[in-house]
Amino acid sequence: MKKRTQNGITTSDLVLSANVGGNEDIFNDILDIHVPKGSIIADVTFGKGVFWNKVNFEDYQLFFSDLYLKKSIVDKFQNVSIKTGIDCRDLPFDDAFLDCLVLDPPYMESFYRKSKEHIGGQGTHISFKEAYSSNEAMEDSEAKWHDAVTEMYMQAGQEAYRVLKNKGIAIVKCQDEVSANVQRLTHVEIISYYETLGFYTKDLFIVVRNNKPIVSRMLKQNHARKN
């Protein structure tokens, strides 16, 4: 038998599991590793389109949509079709149509309120709400607080599994949170439920923000602050 020889090169230029920086940097790396060029991709929670700032749109067949899209966002991406009024839990795709689906719904329970007046991001935090929330009340959900967050991910995950091809890729962004002084490991809850659908965890990436969060009027810190 021939002796087995190793090919390739020695390098430290690698995609890492934890990264300090912006979402667009790691998102491009995820596509490079896991989504072949020419794939059909749907970003069903497009938001401000930050994920796509460093992606060459010509490399993929893209479908962008969200439930509530601002006109300024649609105008910014004039060369790509972006549809508003599309619920990530009820997508206009046939079964097994997509190679890849991108899911990034609001992942803080303060954005899942039955009244607009109670939605998080009030006052000086208005820019935060504009970036991460539709500013619409969740009147159709029976779940409350953090359970409303996981309900969204579960229902969207069911729809993602329907529209993805066999061996299709779901790229899901989330963040753990403390709700009612209880630590909720959102990423574990999502993974556990998605595995019951037929998904498995191919990779896990952690994005660490560049700046430090600040809390005003804090008397005692009870949990590590998410960053």
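Biologist: How many disulfides does the count come to?

Modeller: The count comes to 0 disulfides, a disulfide being a pair of cysteine sulfur atoms within 2.5 Å. This is a predicted model, in which local features need pLDDT of at least 70 and side-chain atom pairs count only at pLDDT 80 or more, while totals for chains, interfaces and linings use all residues. Residues are numbered from 1 along each chain as its sequence is written, and side-chain values use heavy atoms, leaving out hydrogens and water.

Biologist: Is Cys-88 buried or exposed? And what about Cys-100?

Modeller: Cys-88 is buried, at 7% relative accessible area. Cys-100 is buried too, at 0%. Buried means under 20% relative accessible area, exposed over 50%, and partly exposed in between, with a 1.4 Å probe and protein chains only.

Biologist: Let us turn to the helices. At what angle do α4 and α5 pack?

Modeller: Helix α4 (residues 146-163) and helix α5 (residues 186-197) pack at about 35°, with their axes 10 Å apart. Helices (H or I, at least four residues) and strands (E, at least two) are DSSP runs, numbered from the N terminus. Axes are lines fitted to C-alpha atoms, for helices over the stretch in contact, and angles run from 0 to 180 degrees between N-to-C directions.

Biologist: Which residues make that contact?

Modeller: Among them are Tyr-153, Gly-157 and Tyr-161 of α4, and Glu-189, Tyr-193 and Leu-197 of α5. Contact means heavy atoms within 4.5 Å. The residues of this contact divide into 8 nonpolar, 5 polar and 1 charged. Here Ala, Val, Leu, Ile, Met, Phe, Trp, Tyr, Cys and Pro count as nonpolar, Asp, Glu, Lys and Arg as charged, and the others, Gly among them, as polar.

Biologist: What do the buried residues of α4 pack against?

Modeller: They pack against β5 (98-103), β6 (164-172), β7 (177-179), β8 (182-184) and α5. The buried residues of α4 include Ala-148, Met-152 and Val-163.

Biologist: New topic: where does Asp-59 lie?

Modeller: Asp-59 lies in the loop between β2 (40-43) and β3 (61-66). Asp-59 is partly exposed, at 25% relative accessibility. Not counting residues up to four places away in sequence, Asp-59 touches Lys-37, Gly-38 and Ser-39. The C-alpha atoms of Asp-59 and Lys-37 are separated by 5.3 Å, although the two are 22 residues apart along the chain.

Biologist: And in which helix is Asn-23 found?

Modeller: Asn-23 belongs to helix α1 (residues 23-34). Asn-23 counts as buried, because its relative accessibility is 19%. Leaving aside neighbours within four places in sequence, Asn-23 is in contact with Phe-51, Lys-173 and Val-207.
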